Amino acid sequence: MSAPICIVQGVGPLAGLGAALCRRFAREGLHVVVAGRTAEKLDAVVAAIEADGGTATAQRADATSEADTIALFDAAAALGPLECAIYNAGNNTPGRIVEMEADYFEHSWRLSGLGGFLFGREAVRRWRAAGDATDAPRSLLFTGASASLRGRPNFGAFNAAKGALRNLAQALAKEHGAEGI
């Protein structure tokens, strides 16, 4: 049987949270699918995991693309059973609301709200399709920020985006927690 799989979407620099999550789950024996937009950054994280004795695969994927998200989960499924899926994509988008262009606000929301929806939906669809075929844990995690709990001045887009992601995570937990997800 192949090693259980953990997907981490939203991996950037080696010193970032996404890379730290990848390295942590690789140390726990999972094969990590390291996903993000920049091949060089993904390759650096994979190299660090392999240097530590773990296994990982880089997968370029834009979190706001439905096709990329589906392809990410397809690639992971070809490697083994999905045990853990972590959505870490996000951006700190500062700015005063009154001075903000609509496309700036929308970009922040798309990354957290829409990207989180696509990722969560695909994880749950895969686990539901597998049914009881596996006894593996099924953990769907979303990284957040205190911005999801309270609005700070000069961070309206970021506050709204992280709030949307938090509410999405709560809805997914309430809809699918009884299924072991």
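This is a predicted model: local features need pLDDT of at least 70, side-chain atom pairs count only at pLDDT 80 or more; totals for chains, interfaces and linings use all residues.
Visitor: Let's start with helix α5. How many residues does helix α5 have, and what span should they cover?

Guide: Helix α5 runs over residues 156-176, which makes 21 residues. At 1.5 Å a residue the helix should span 30 Å, and the C-alpha atoms at its ends are 30 Å apart, so the expectation and the model agree.

Visitor: Which residues of α5 are buried?

Guide: The buried ones are Gly-156, Ala-157, Phe-158, Asn-159, Ala-161, Lys-162, Gly-163, Leu-165, Leu-168, Leu-172 and His-176.

Visitor: And what do the buried residues of α5 pack against?

Guide: Their partners are β4 (82-87), α4 (102-130) and β5 (139-142).

Visitor: Let me pick a residue from α5. Is Ala-169 buried or partly exposed?

Guide: Ala-169 sits in helix α5. Buried means under 20% relative accessible area. Ala-169 has 21%, so it counts as partly exposed.

Visitor: Now for two helices at once. How do I describe a packed pair?

Guide: You give the angle between the two axes and the distance between those axes. Here, α3 (residues 66-77) and α4 pack at an angle of about 35°, and their axes are 10 Å apart. The crossing of α3 past α4 is right-handed.

Visitor: Which residues of α3 and α4 meet?

Guide: From α3 come Glu-66, Thr-69, Ile-70, Leu-72, Phe-73, Asp-74 and Ala-77, and from α4 come Leu-118, Phe-119, Arg-121, Glu-122, Ala-123 and Arg-126. Sorted by class, this contact of α3 with α4 has seven nonpolar, one polar and five charged residues.

Visitor: Can we zoom in on Phe-73?

Guide: Phe-73 belongs to helix α3, and at 2% relative accessibility it counts as buried. Apart from neighbours within four places in sequence, Phe-73 is in contact with Ile-7, Leu-82, Phe-119, Glu-122, Ala-123 and Arg-126. Compare that with Glu-101: it is 28 residues along the chain from Phe-73, and their C-alpha atoms are separated by 33 Å.

Visitor: What does Thr-64 touch?

Guide: Thr-64 is in the loop between β3 (56-60) and α3. Setting aside neighbours within four places in sequence, Thr-64 is in contact with Arg-110, Leu-111, Leu-114 and Leu-118. The side chain of Thr-64 also makes a polar contact with the side chain of Asp-62, at 2.8 Å.

Visitor: One last residue, please. Is Tyr-87 buried or exposed?

Guide: Tyr-87, in strand β4, is buried, with a relative accessible area of 1%. Not counting residues up to four places away in sequence, Tyr-87 touches a list of residues that includes Gln-9, Ala-63, Gly-115, Phe-119, Leu-141, Phe-142 and Leu-165. A polar atom of the Tyr-87 side chain lies 2.5 Å from the backbone oxygen of Leu-111.

Visitor: How many residues apart in sequence are Tyr-87 and Phe-142?

Guide: They are 55 residues apart in sequence, and 4.7 Å apart in space from C-alpha to C-alpha.

Methods:
Residues are numbered from 1 along each chain as its sequence is written. Side-chain values use heavy atoms; hydrogens and water are left out. Helices (H or I, at least four residues) and strands (E, at least two) are DSSP runs, numbered from the N terminus. The expected span of a helix is 1.5 Å times one less than its number of residues. Buried means under 20% relative accessible area, exposed over 50%, partly exposed in between (1.4 Å probe, protein chains only). Contact means heavy atoms within 4.5 Å. Axes are lines fitted to C-alpha atoms, for helices over the stretch in contact, and angles run from 0 to 180 degrees between N-to-C directions. A crossing is left-handed if the near helix is turned anticlockwise from the far one by less than a right angle, and right-handed if clockwise. Ala, Val, Leu, Ile, Met, Phe, Trp, Tyr, Cys and Pro count as nonpolar, Asp, Glu, Lys and Arg as charged, and the others, Gly among them, as polar. A polar contact is a pair of N or O atoms within 3.5 Å; within protein, one must be able to donate a hydrogen and the other to accept it, and residues adjacent in sequence count only if both atoms are side-chain atoms.
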